[in-house]
Amino acid sequence: MTQDIVGRANNEGAALFREWFDGLTSTAEQGGRGAYVFVMGSMAELLRVFDLPVIFPEINSLQTAVRKVAHEYLNQAEDYGYSPDICGYVKADVAVQLRGGQHPMGRIPNPAIAVLTNACNTYIKWAEIWERMYHVPVFTLDIPGTRAAGTQTWPGDRDFSNDRDYVLSQIKELIFLCEQITGRKFDIDKLREALLHANTMSRGWKRVLELNKNRPSLFNAVTDGTIYLGVSNAFRGTEKGARYFEDLVEEMEYKATHGIGTLVNERHRLIFVGVPCYPIFRRFNELFSEWGGTFVNSTYLWFAAGGANRGFEYDLADPIESLAEGTLITVRDAMDSMFYQDQALAEMIGPFHVDGVVYHPIKSCRTVSTGLADNRRALMASRDVATLFIESDMMDRRVVSEAQLKNRVDAFFEGLNSRRMAATR
Ligand code: SF4
């Protein structure tokens with residue numbers, strides 16, 4: 001039993017991802033097109049109603065870094081004229097487009113439409129590139145964000161109702177646009193089915209994150225968590241995605257019951273804040289695991305899941321209205337996880353038995369990185385917790401210095417060990 005279930009989600013996640021890229025490749029080779037979307041507010045549930053393949057350029061780009069070829073793509077985009085300063089995901093995607101969709105995992109189809117939210121300002125400028133290249137419609141869903149930390153409104157509040165209605169009217173426009181592009185009629189039952197699967201996935205995602213309060217922790221939020229996250233985005237609203245998350249919950253509950261941790265010798269429980277260092281993804285994690293450190297949670301698993309961490313479930317009796325409500329709640333939460341995460345982190349330190357918080361601002365994502373230094377200060381003022389602040393990048397290996405990172409990480413763990421000794425004296 002143990003060998004059948006432990007590690008299953010990682011294997012199945014990798015297989016699903018290969019299958020997904022194979023599907024994109026065959027769409028591209030047959031001249032088909034898809035919907036270019038983003039992880040924060042992908043609207044995948046709705047786009048599936050029109051059988052539009054959903055394509056996540058952010059995921060395509062990070063895969064070039066994981067596969068150690070991002071520099072080739074970045075150089076091509078920079079030679080073409082894009083500045084070294086801008087988001088590395090944009091530049092890798094530009095190079096993919098310049099290569100006719102050629103990608104280390106297969107071939108990426110051209111877009112028929114781009115759908116984005118205002119969760120990141122780069123989304124808006126990025127989509128303009130596709131608009132110029134392909135002359136396709138670009139639909140920007142404007143989600144009212146939180147005006148200040150802790151001021152979110154919720155169902156029952158008048159401001160919330162106004163915001164939900166505003167999102168609802170935009171979703172109706174998007175439905176109309178999808179009908180025009182695909183020539184298909186909107187089918188509300190198909191939407192219901194996608195929402196049903198998305199509900200299973202959101203429920204599972206929330207549960208999996210909570211289960212990692214377990215000691216020892218059941219999965220590593222940076223390494224394993226990124227695989228789950230990929231499935232959560234790419235298979236959102238599908239039966240395969242729903243089944244994957246049911247299996248994942250089963251695996252984590254099994255591990256919890258049998259005391260099977262992600263590390264044999266867990267010594268330090270950490271939270272990761274920011275975007276992972278994909279150019280040295282495995283090695284980056286080893287810098288921590290070699291000291292017995294493991295990541296029990298991560299803000300990345302919140303915002304890059306588009307707020308699925310909230311476990312929001314759609315009301316199938318009222319699908320379009322509920323889609324508007326869910327989109328408002330989850331995309332807003334994704335933004336809050338980037339901009340106002342200090343309170344959420346402070347509340348996790350006790351229940352997740354956290355020893356340290358690792359902040360990882362990166363050169364090419366200012367949306368996530370701006371303000372992290374202030375957030376760290378705010379957290380340290382409210383909790384007695386060790387923190388580490390290390391800078392690198394999620395794409396560009398020119399600004400990733402493994403030796404420097406190691407020095408900082410080693411010093412952090414020496415400090416953690418001293419704290420622990422002092423506490424036991
Ligand atoms: S700036 Fe950051 S959040 Fe925005 S697209 Fe780039 S990586 Fe994503």
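Which residue in strand 5 is the bridge partner of Tyr36? The bridge partner of Tyr36 in strand 5 is Ala114. I will come back to that pair after a word on the model.

This is a predicted model, in which local features need pLDDT of at least 70, side-chain atom pairs count only at pLDDT 80 or more, and totals for chains, interfaces and linings use all residues. Residues are numbered from 1 along each chain as its sequence is written, and side-chain values use heavy atoms, with hydrogens and water left out.

Some terms first. Helices (H or I, at least four residues) and strands (E, at least two) are DSSP runs, numbered from the N terminus. Two strands pair if DSSP finds at least two bridges between them.

Now the sheet. Strands of a sheet pair through backbone hydrogen bonds, either parallel or antiparallel. Here four strands form an open sheet in the order 2-1-5-6, and the pairing is parallel. Strand 2 and strand 6 are the edge strands, each pairing on one side only.

Take the pairs in turn. Strand 1, residues 33-36, is joined to strand 2 by two bridges, and the two run parallel. Within that pair, Ala35 stands opposite Val54 of strand 2. To get from strand 1 to strand 2 the chain passes through helix 3, and this β-α-β crossover is right-handed. Right-handed means that, with the strands pointing away from the viewer, the path from the first strand over the helix to the second runs clockwise.

On its other pairing, strand 1 is joined to strand 5 by four bridges, again parallel. This is where Tyr36 has Ala114 as its partner. Strand 5, residues 110-117, in turn pairs with strand 6 in the parallel sense over four bridges. Strand 5, helix 7 (residues 121-134) and strand 6 make a right-handed β-α-β unit.

In a regular strand the side chains alternate between the two faces of the sheet. Strand 6, residues 138-141, has Phe139 and Leu141 on a covered face, and Val138 and Thr140 on an uncovered one.

Next, the ligand. Which residues are around the ligand? They are Glu58, Cys87, Tyr89, Cys120, Thr122, Tyr123, Trp126, Cys365, Thr367 and Met394, where a residue is near if one of its heavy atoms lies within 4 Å. Helix 7 gives the largest share of this shell, three residues. By type, the shell has seven nonpolar residues, two polar and one charged. Ala, Val, Leu, Ile, Met, Phe, Trp, Tyr, Cys and Pro count as nonpolar, Asp, Glu, Lys and Arg as charged, and the others, Gly among them, as polar.

One of these shell residues, Thr367, sits in helix 16, residues 366-369. Is Thr367 buried or exposed? Thr367 is buried, with a relative accessible area of 13%; buried means under 20%, exposed over 50%, and partly exposed in between, using a 1.4 Å probe and protein chains only. Not counting residues up to four places away in sequence, Thr367 touches Ala119, Cys120, Asn121, Thr122, Met338 and Phe339, where contact means heavy atoms within 4.5 Å.

Now the core. A nonpolar core is a set of buried Ala, Val, Leu, Ile, Met, Phe, Trp, Tyr and Cys residues joined through side-chain atoms within 4.5 Å. The largest one has 146 residues, of which Leu46, Tyr89, Ile171 and Phe288 touch the most other members. Helix 14, residues 319-339, supplies the largest share of this core, nine residues. Leaving aside neighbours within four places in sequence, the contacts of Phe288 include Leu270, Phe295, Val358 and Phe413.

Leu345, in helix 15, is buried at 0% relative accessible area. Beyond four places in sequence, the residues that Leu345 touches include Ile271, Trp302 and Tyr359.

Last, the backbone. Most residues other than glycine have a negative phi, and most peptide bonds are trans. Asp51 has a positive phi of about 55 degrees. Asp51 lies in the loop between helix 3 and strand 2 and is partly exposed at 43%. His353 has a positive phi near 55 degrees, in the loop between helix 15 and strand 9, and is partly exposed at 29%. The peptide bond from Arg215 to Pro216 is cis, with omega near 0 degrees, and Pro216 is in the loop between helix 9 and helix 10.
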